[in-house]
Number of protein chains: 2
Amino acid sequence: MCVEELEWGAMRPLVHPAIEEVTVEAILHALSDPVRVAIFAEIVGQECTQKCSSFVPVGGEAIPKSTLSQHFRVLREAGLIRGERRGVEMHNVSRYVEVDQMYPGLLAAIGQAHTLQVGRAAKAAKKSGKKTK
Amino acid sequence: MCVEELEWGAMRPLVHPAIEEVTVEAILHALSDPVRVAIFAEIVGQECTQKCSSFVPVGGEAIPKSTLSQHFRVLREAGLIRGERRGVEMHNVSRYVEVDQMYPGLLAAIGQAHTLQVGRAAKAAKKSGKKTK
DNA sequence: TTCAATAGTTCAGGAATTATGAACTATGTG
DNA sequence: CACATAGTTCATAATTCCTGAACTATTGAA
């Protein structure tokens with residue numbers, strides 16, 4: 001045990017910005033990563049809360065848990081989700097409603113754009129004779 | 001002059017993705033930087049074309065021209081603007097209409113969110129007794 | 001209480017990306 | 001031609017991102 005530094009690797013409580021602190025820049029940055037959009041979409045989709053490790057990427061290989069943890073942190077600190085310890089695991093809820101009050105239509109537009117993009121990609125893949133990869 | 005490598009620092013023609021190649025991810029990434037949003041807003045605002053160096057940041061210090069050049073490249077390669085040489089200078093036009101056909105409402109929502117954010121920041125600054133910085 | 005298991009965080013370093021001064025290209029004008 | 005202007009490209013420094021290893025926190029036995 002580390003005696004000299006009592007406050008060291010101590011797990012700080014999760015950071016959640018107040019809704020007025022949420023910036024467009026941070027939201028766009030958070031959602032400009034495909035893994036994070038997928039995570040966020042899943043959390044918004046399920047209305048019940050989601051634990052971190054329940055996320056499995058669609059086609060690709062597994063994502064290391066330290067990386068996942070960072071992705072969740074970015075989403076939290078952008079104000080898009082709220083994480084809360086529930087026993088040994090973490091439960092994440094979307095802050096969609098709050099954010100939508102702050103920036104009406106922003107998340108809806110981004111979500112719709114992603115849906116369109118995925119739909120077009122699927123169509124293009126079918127046409128060229130290949131499915132997912 | 002460099003004799004050995006004829007094709008070296010040769011300036012390649014500007015890259016512009018076809019509109020179907022434009023991804024939501026690239027758009028969000030491009031617009032998640034305050035300097036780039038400001039540039040894009042200015043190009044969309046003026047309906048006439050804009051040369052690169054006519055951009056001056058609002059409150060901050062001048063941005064080096066190599067950095068500006070990279071920002072324009074990111075916007076171009078995201079499909080948000082089109083750059084075209086006109087004599088010695090470069091003219092930039094927005095591809096707003098094309099992108100809006102691809103992803104209806106996306107750019108409008110982002111623009112509106114930014115407007116809201118700037119408005120709120122101004123109001124907060126006035127309340128706390130300070131103007132810009 | 002102590003040990004083990006589970007879920008996620010933090011740290012350290014390397015990988016990847018971004019910023020920028022210096023050198024260069026490209027075009028227009030004496 | 002030389003020179004000026006506008007922007008790009010290169011090289012490298014600064015920054016951010018990814019990830020294995022070590023850690024914290026909580027639960028559930030033994």
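1. A:Glu77 has a relative accessible area of 37%, so it counts as partly exposed (buried is under 20%, exposed over 50%, partly exposed in between, with a 1.4 Å probe and protein chains only). Its side chain meets that of A:Arg73 in a salt bridge, 3.3 Å from N to O (a side-chain nitrogen of Lys or Arg within 4 Å of a carboxyl oxygen of Asp or Glu). A:Arg73 is partly exposed too, at 34%.

2. This is a predicted model: local features need pLDDT of at least 70, side-chain atom pairs count only at pLDDT 80 or more, and totals for chains, interfaces and linings use all residues. Residues are numbered from 1 along each chain as its sequence is written, chains are lettered from A and ligands numbered from 1 in the order written, and side-chain values use heavy atoms, without hydrogens and water.

3. Why are A:Glu77 and A:Arg73 separated by about one helical turn? Because they sit four residues apart in helix α3 (residues 65-77) of chain A. Helices here are DSSP runs of H or I with at least four residues, strands are runs of E with at least two, and both are numbered from the N terminus.

4. A:Glu98 forms a salt bridge with A:Arg82, and the closest N and O atoms are 3.3 Å apart. This pair links distant parts of the chain. A:Glu98 lies in helix α4 (residues 96-102), A:Arg82 in strand β1 (residues 81-86), and 16 residues separate them. A:Glu98 is partly exposed at 26%. A:Arg82 is partly exposed at 32%.

5. In chain B, B:Arg86 pairs with B:Glu84 in a salt bridge, with the closest N and O atoms 3.9 Å apart. B:Arg86 is partly exposed at 42% relative accessible area. B:Glu84 is partly exposed at 41%. Back in chain A, salt bridges with shared partners join A:Arg82, A:Arg95 and A:Glu98 into one network. Over all chains, the count is eight salt bridges.

6. How do the chains relate? Chain A can be laid on chain B with an RMSD of 0.1 Å, by a turn of 180 degrees and a shift of 0.0 Å along the axis (least squares on C-alpha atoms of residues with pLDDT of at least 70 in both). That is the relation of a two-fold axis. In chain A, the C-alpha nearest the axis belongs to A:Leu28, at 2.6 Å.

7. The copies meet through the same surface, because 100% of the interface residues of chain A are also interface residues in chain B. Contact means heavy atoms within 4.5 Å.
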